[in-house]
Amino acid sequence: METLNTILEVFFNAEIAVRVFPFLLRGLGMTLLLCALVIPLGLAGGLALAWAASLERRWLRVLCVVYVDFFRAFPPLVLLIFLFFGLPFAGIDLPSIAAVGIGFFLNASSYYGEIFRAGVESVPKGQWEAARSTGLTRFQTMTAVILPQATRNVLPDLIGNTLEVAKLTSIASVVALGELLHTARLAQSLVYNPTPIVMAAMLYLALFWPVVRLLSRLEHRNIARR
Amino acid sequence: MPLTGGVVRPLLELAGLRKSYGGLDVLKGVDLAVAPGELVFVIGPSGSGKSTLLRCCNRLEEPDGGTVIVDGENILASGVDLNRVRQKIGMVFQAFNLYPHMTALGNVTLALRKVQGMARAPAEAKARDALAAVGLADKQAAYPIQLSGGQQQRVAIARALALEPKIVLFDEPTSALDPELVGSVLAVMRELKAGGMTMVVVSHELAFARDAADRVVFMDGGRIVEQGPPAAIFGSPREARTRDFVAKLAERS
Amino acid sequence: MEDGWARFVFAYLNPDVAAEWGPKIFEGAVITIELGLATIAAGLFFGMALAVLRASAPRWVGRVIVAFVDVFRAWPPLVVIIVLFYAFPYVDLPMGAFTATWLALSLVLAAFAEEIWWAGLQSVPKGQWEAARSTGLSHLQALVWVAVPQAVRMTIPPLVNRTIAIVKGTALGSVVALPEILGQATSASSLAGNPTPLTLAALAYLAIFLPVVILGRWIETRFAWKR
């Protein structure tokens, strides 16, 4: 009982919790704002990649594969550090939000691109032929006929990757962007107690756990359909 | 019905059409003229190039040589607006290829709105007419998965017809259907024919060919081996290959 | 133009700086590789154990496993690392940077691997189980000899991709001052006042992970699930 109280006192100190909560909420707001920035960026880049890969140009397809593999091999944190700490040496001083935006765009678009490409390939060729035979352009066929089906086919992967991108916003703390993890670490160093970090972990859980549940359900439904 | 056009200018005219895949010649110079209102029925063993022939007519396959003239326009010419031309050439596929994420009405309206730029209301009115013409007025809100194969194929026909094509190409339209569903699709095709539509049909439905086709074309090995009125091709073919194939087909059906 | 290129080389591809700090980056690479291999071994093994346990144990055990998996799929790995590294010393459980990073990444990988293995096991048709049991195999034997081999085939592509993504997280160790590649590179480039160590780090990561990504792509086409 004594130990339990001690542990609670250390990891979830109510007094500290109340004190830092508004601060953490601001960090959470920044995390959500970051998500709202980098997820659409990544999706747009991924769609552009899938479109490029669907054109029947060998060199373009090879270029897409090289791009995707390059950024899948590159740890996102290394990319971010390079953009934020490395580019100033070339006279390019990026604000941290821009470094995060560019880094996430490069990283996330490669993953999204791979998913969309697989989705587009999962749609039968006859769909292209039917649409083109009625006079739809390539682009119209892609947007009106192929993508709606492709998106449905790879929906679990899309949601899963979106979750990963959202989780990854935590690395923005390294370039001092005041998102949830950053504010928690700041608070921890001020109060000299781990409660803010534990609270941040709980907030992340509250934010992402519903998505994990949804994903799990989608994945199981996919298996049942086989 | 004139065989080679005569004084009437053909609606579809193929000359010296060639196509090969990786060194394999699928079409070795095909000449064919289809007059307005004519129903040309194409038969032949699998791999004879029938489907490729149809798919070259709207450039779903790119021909390697020859000419394709539709309604007086060389569609292989450089600079031709393929998407405009394709509206004149309806196509009906063996596997229907309906868009599974759209209702029957959505399937029909898509090209009307995107290609012809029609507003929603007139496009839907037109699509409803097209669905009614194939006997599916009550199925406009159904998704493809809720329809039988025969109904799906009729929606696909409506999708092609709504664009008011000059000619409709049928690529084995009943091959994927259960026998009891074939009749409804053939009935729609008969009505189309009666309405004066120009049609090229690749199929194995001999009975349909006998009473609806103006001309039967027998293809083998990438060439037209023999053509003539149904009675002649099925009754007294000149070529041995035609005779063999017709005998086999008759045996099967 | 000429001048700009020379300045670029001086900044990012400086041979003197590279020669001076290259050995440090190499030391970092050794740690990265050790950490990566240890994470793969522990994560995949623990994940497999959990999946097999969930397939054989009573329901409540399954629920506990699902809860574990959910939590570690929801938490960003960096958050887990920081909790382990900064929070546990307060209760006299100090953890080294290597241990904290390794444990965090292993737990995350185990969670994902469990989910993938489990999905694979579920996908084995019921008839396979019935056939195995009808020939007298026990539940465990059927699991090991019939279900697992079939599950492995379809789980390999997602497992490889997920493993690569998580092992790339070894770079997160730099946040808790683990002297792996990125950690070495950032301190080296600030000491040298030149970003060349960061370039070296980028090259080192590509040298390690690019072959793995390409291998993963090859495996994906090889093992693609044919329906």
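In what order do the 4 strands of the open sheet with antiparallel pairing sit in chain B? In this predicted model, the order is β2-β1-β4-β5. Strand β4, which covers residues 65-70 of chain B, is linked to β5(B) by 2 bridges, with the two strands running antiparallel.

B:Leu39 has B:Met199 as its bridge partner in β8(B). Another 4 bridges tie β3(B) to strand β9 (residues 215-220) of chain B, and this pair runs parallel as well. There, B:Ile43 stands opposite B:Phe218 in β9(B).

Is β3(B) mostly covered or mostly open? Mostly covered, as 5 of its 5 residues are buried. In a regular strand, side chains alternate between the two faces of the sheet. In β3(B), B:Leu39, B:Phe41 and B:Ile43 point one way, while B:Val40 and B:Val42 point the other way. The residues on both sides are buried.

Now for chain B as a whole. It contains 9 helices and 10 strands. Its radius of gyration is 18 Å, close to the 18 Å that the globule rule gives for 253 residues, so chain B is as compact as a globular protein of that length. Along the principal axes, its C-alpha atoms fill a box of roughly 55 × 45 × 40 Å. Of the 253 residues, 45% count as buried. Among the contacts in chain B with a separation of 6 or more, 65% are between residues 24 or more positions apart.

Of the 2 pairs of chains in contact, chains A and C share the most contacts. Chain B and chain C have no contact with each other, and their closest C-alpha atoms lie 19 Å apart.

The contact of chain A with chain B takes 16 residues from chain A and 19 residues from chain B. On the side of chain A that touches chain B, α6 (125-133) and α7 (138-153) of chain A each supply at least two residues. That side of chain A divides into 5 nonpolar, 8 polar and 3 charged residues.

Between chains A and C, 37 residues of chain C are in contact with 38 residues of chain A. Several helices of chain C each supply at least two residues to the side that touches chain A, including α1 (2-12), α5 (97-123) and α9 (196-222). The biggest giver on that side is α9(C), with 10 residues. What is the make-up of the side of chain C that touches chain A, in nonpolar, polar and charged residues? It divides into 30 nonpolar, 3 polar and 4 charged.

Chains A and C turn up again in the largest nonpolar core, which has 202 residues. The members that touch the most others are A:Val78, A:Leu80, A:Ala200, C:Ile81 and C:Ala201. Helix α5(C) provides the largest share of this core, with 16 residues. A:Ala200 makes a handy example to trace in the structure. Leaving out residues up to four places away in sequence, A:Ala200 touches A:Leu24, A:Leu180, A:Leu181, A:Ala184 and C:Val79.

Conventions: Residues are numbered from 1 along each chain as its sequence is written. Chains are lettered from A and ligands numbered from 1 in the order in which they are written. This is a predicted model: local features need pLDDT of at least 70, side-chain atom pairs count only at pLDDT 80 or more; totals for chains, interfaces and linings use all residues. The radius of gyration is taken over C-alpha atoms; the globule rule is 2.2 Å times the number of residues to the power 0.38. A residue is buried if 20 or more other C-beta atoms lie within 10 Å of its own, exposed if 12 or fewer, and partly exposed in between; C-beta atoms are placed from the backbone. Two residues are in contact if their C-beta atoms, placed from the backbone, lie within 7 Å. Ala, Val, Leu, Ile, Met, Phe, Trp, Tyr, Cys and Pro count as nonpolar, Asp, Glu, Lys and Arg as charged, and the others, Gly among them, as polar. Two strands pair if DSSP finds at least two bridges between them. A nonpolar core is a set of buried Ala, Val, Leu, Ile, Met, Phe, Trp, Tyr and Cys residues joined through C-beta atoms within 7 Å.
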